[in-house]
Amino acid sequence: MMDNAIFNTVEELCEYLEAQEHTDTVFFESPSFVKAITGITESGQLIYDYDLMIDAAMEETGWEYEDAVDWIEENTLRTIPYMGSVHPIVSLPINW
């Protein structure tokens with residue numbers, strides 16, 4: 001588990017969202033990304049840390065850093081515009 005993790009499992013996340021009546025909240029389905037959630041907005045948008053997402057992808061798959069970055073940028077970040085109004089927010093590094 002990563003030190004900053006708010007949630008440890010997708011089930012725990014779903015229980016929290018239901019209890020807070022954030023039933024429209026969209027999240028990344030990769031179970032390892034739940035550990036990269038660093039906050040939640042008042043409207044229920046989950047805030048993910050980009051670097052923690054990379055760490056999670058590397059831990060789950062055994063990929064090298066560059067492979068994890070490529071996969072996240074191509075297969076995760078590019079999906080956000082299609083996720084609706086309560087889409088995830090990804091906190092990107094300043095030099096991104």
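A nonpolar core is a set of buried Ala, Val, Leu, Ile, Met, Phe, Trp, Tyr and Cys residues joined through side-chain atoms within 4.5 Å. Buried means under 20% relative accessible area, with exposed set at over 50% and partly exposed in between (1.4 Å probe, protein chains only). This is a predicted model, in which local features need pLDDT of at least 70 and side-chain atom pairs count only at pLDDT 80 or more, while totals for chains, interfaces and linings use all residues. Residues are numbered from 1 along each chain as its sequence is written, and side-chain values use heavy atoms, with hydrogens and water left out.

**Core**

- The largest nonpolar core has 23 residues, and Phe28, Phe33, Tyr48, Met53, Ile72 and Val90 touch the most other members.
- Two or more residues of this core come from each of α1, β2 (46–49), α2 (50–61) and α3 (65–75); helices (H or I, at least four residues) and strands (E, at least two) are DSSP runs, numbered from the N terminus.
- The most is given by α2, with six residues.
- In soluble globular proteins, nonpolar side chains tend to be buried together.

**Phenylalanine 28 and valine 10**

- Leaving aside neighbours within four places in sequence, phenylalanine 28 is in contact (heavy atoms within 4.5 Å) with Phe33, Tyr48, Met53, Thr76, Thr79, Ile80, Met83, Pro88 and Val90.
- Valine 10 belongs to helix α1 (residues 10–19).
- With neighbours within four places in sequence again set aside, valine 10 is in contact with Phe27, Pro31 and Val34.

**Sheet**

- Three strands form an open sheet in the order β1-β2-β3, with mixed pairing; two strands pair if DSSP finds at least two bridges between them.
- The edges are β1 (37–40) and β3 (89–91), each with a single partner strand, so one side of each has no neighbour in the sheet.
- On average, neighbouring strands of this sheet are turned by 30° against each other, direction ignored.
- The strands β1 and β2 run antiparallel and are joined by three bridges.
- Opposite glycine 39 stands isoleucine 47 in β2.

**Helices α2 and α3**

- Helix α2 lies across β1, β2 and β3 and runs at about 70° to β2; axes are lines fitted to C-alpha atoms, for helices over the stretch in contact, and angles run from 0 to 180 degrees between N-to-C directions.
- In α3 the buried residues are Ala68, Val69 and Ile72.
- These residues cover an arc of only 100° around the axis, which puts them on the same side of α3; the arc is that of the directions from the helix axis to the C-beta atoms.
- The buried residues of α3 pack against α2.
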